[in-house]
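Please keep the sequence and the model in view while reading.

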Amino acid sequence: MRILGVKYGLWISMILGFMVLGKVYGIGANWGTQATHPLPPNIVVKLLKDNGIQKVKLFDADSEILNALSGSGIEVMVGIPNEMLWSLANSLGAAEKWVEKNVSSHVSSNSVDIKYVAVGNEPFLSQLNGTFLSTTFPALQNIQAALIKAGLGNRVKVTIPLNADVYQSSSEKPSTGDFRQDIRDLMVSIVKFLNDNGGAFTVNIYPFISLYNDPNFPADYAFFDGYSSPIDDNGKIYNNVFDANHDTLLSALQKNGFPNMSIIIGEIGWPTDGDNNANLKAAQRFNQGFMTHISDAYLFSLIDEDAKAFSPATLSAIGNILLDGTPKYNLSLRANNGGGLVPASGVRYLARQWCVLSPSASLDDPQLADSVGYACSHADCTSLGHGTSCADLDARGNVSYAFNSYYQENDQQSSACKFPNLSMITNADPSPPGGTCKFKIMIQASSPSSHKNNAFTTKPVNVMFLVMVSLLLSVL
């Protein structure tokens with residue numbers, strides 16, 4: 001049985017936390033923007049400050065977000081998407097222009113406290129089949145050179161957020177850890193470069209994925225409150241998979257000559273929907289346990305991202321806070337003096353209306369399956385299916401939830417609730433009383449968005465959605 005919690009699939013969203021090996025430097029947050037209706041940046045900055053979050057990690061260099069962070073006192077790690085690595089690797093001039101536009105200008109004239117540039121995001125993930133193996137390190141070198149030329153080499157450091165699959169153990173014991181064989185030489189070169197330039201090793205660790213991918217994985221080992229069969233590694237006892245994973249990385253670094261390398265935990269957290277193990281109770285147990293375990297630490301993530309293509313899909317619901325800035329559950333952060341999460345303020349909502357299956361519509365309607373498939377292929381239906389927050393809905397409820405998700409994500413436009421002879425708009429909340437299933441009302445977007453083809457068409461849908469639809473409609 002493998003014990004290392006490795007995240008599979010490209011996905012990104014918000015996190016809390018920034019831990020350097022042996023010492024914690026306060027609360028931070030990954031600020032993801034893959035939402036159909038993101039909160040305005042000024043509201044998010046206030047949300048961060050109200051919760052005592054001192055650092056933020058971005059996945060690109062959004063000027064509106066960076067401007068909102070101006071003078072906030074929040075430390076920033078600004079990101080470079082994988083898609084930009086080729087151009088930055090092949091042109092020092094392109095790297096210099098990127099640094100000038102996205103770092104220098106904000107540091108010098110906009111009072112943004114940029115501390116790190118994250119070059120790429122999990123570029124060596126095994127599922128990417130080596131797409132970025134030849135460009136990541138040269139891009140890192142060029143960005144470092146550009147920072148030095150701009151006079152920022154001592155102030156702004158470089159790093160690469162890496163998935164935990166870049167290292168592995170030959171047994172269940174962390175002491176046997178080393179870098180993945182196919183990238184070992186490259187990893188050693190990168191670590192040496194980071195170490196020589198005062199950078200840090202950034203790693204994303206997800207104990208949830210261990211549980212998600214392996215039905216035989218011991219559930220308690222994913223948490224921090226005790227495990228009946230701990231791992232004994234030459235006298236070092238491991239009661240949770242996070243410590244085992246983290247120390248596997250330490251072994252890999254030590255084995256290759258870098259025992260004092262600084263480590264940043266870039267992402268860690270637990271989803272609240274989309275799977276049997278993804279629920280509010282488990283997320284609160286994991287995240288609060290992690291905060292207690294690490295003292296001041298980071299959790300993934302702060303806010304859900306409903307427009308991100310995650311794998312598994314449940315990870316779109318990994319935020320501690322809903323899309324509208326409402327906390328999902330109580331979580332005590334050391335930075336907010338042990339109080340619960342503070343909600344966002346100044347959020348504006350769309351009208352209190354929902355799109356649902358019409359009472360006169362028949363479940364035998366030949367267009368029903370295509371309609372639900374279309375809605376769920378263009379909107380977030382994570383809450384539907386076995387083991388989810390809306391698992392107890394009957395077939396009509398499943399259809400209504402799908403229709404409403406599509407309707408809300410399209411700004412409640414009337415054309416988004418015109419599934420042929422099937423849908424209607426209602427002012428009565430269709431959410432089951434007293435349960436965990438909530439039919440959302442979308443917030444007003446921070447900027448106008450263009451939604452194309454809102455009206456129902458007979459566009460083909462993925463087979464996966466058709467399978468899901470058949471399962472949803474079988475619940476009656």
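In helix α1 (residues 41-50), the buried residues are Pro41, Ile43, Val44, Val45, Leu47 and Leu48; buried means under 20% relative accessible area, exposed over 50%, and partly exposed in between (1.4 Å probe, protein chains only). Helices (H or I, at least four residues) and strands (E, at least two) are DSSP runs, numbered from the N terminus. An α-helix has 3.6 residues a turn, so residues three or four places apart point the same way. The buried residues of α1 pack against β3 (28-31), β4 (55-58) and α2 (63-68), where contact means heavy atoms within 4.5 Å. Just after α1, Gly52 has a positive phi of about 70 degrees.

The model is predicted: local features need pLDDT of at least 70, side-chain atom pairs count only at pLDDT 80 or more, and totals for chains, interfaces and linings use all residues. Residues are numbered from 1 along each chain as its sequence is written, and side-chain values use heavy atoms, with hydrogens and water left out.

A pair of helices comes next. The axes of α4 (residues 92-109) and α5 (residues 136-149) come within 8 Å and cross at roughly 60 degrees. α4 is therefore oblique to α5; angles under 35 degrees count as roughly parallel, over 145 as roughly antiparallel, 65 to 115 as roughly perpendicular and the rest as oblique. Axes are lines fitted to C-alpha atoms, for helices over the stretch in contact, and angles run from 0 to 180 degrees between N-to-C directions. On the α4 side the contact is made by Leu92, Ala95, Glu96, Trp98, Val99 and Val103, and on the α5 side by Asn142, Ile143, Ala145, Ala146, Leu147 and Lys149. These residues divide into nine nonpolar (Ala, Val, Leu, Ile, Met, Phe, Trp, Tyr, Cys and Pro), two charged (Asp, Glu, Lys and Arg) and one polar (the others, Gly among them).

Two loop residues follow. Asp304 lies in the loop between α9 (280-294) and β15 (354-357) and is buried, with a relative accessible area of 10%. Its side chain makes a polar contact of 2.9 Å with that of Lys328; such a contact is a pair of N or O atoms within 3.5 Å, and within protein one must be able to donate a hydrogen and the other to accept it, while residues adjacent in sequence count only if both atoms are side-chain atoms. Cys381, in the loop between α10 (368-377) and α11 (395-409), is buried at 7% relative accessible area.

Over the chain, the secondary structure comes to twelve helices and 16 strands, and buried residues make up 56% of the 476 residues.
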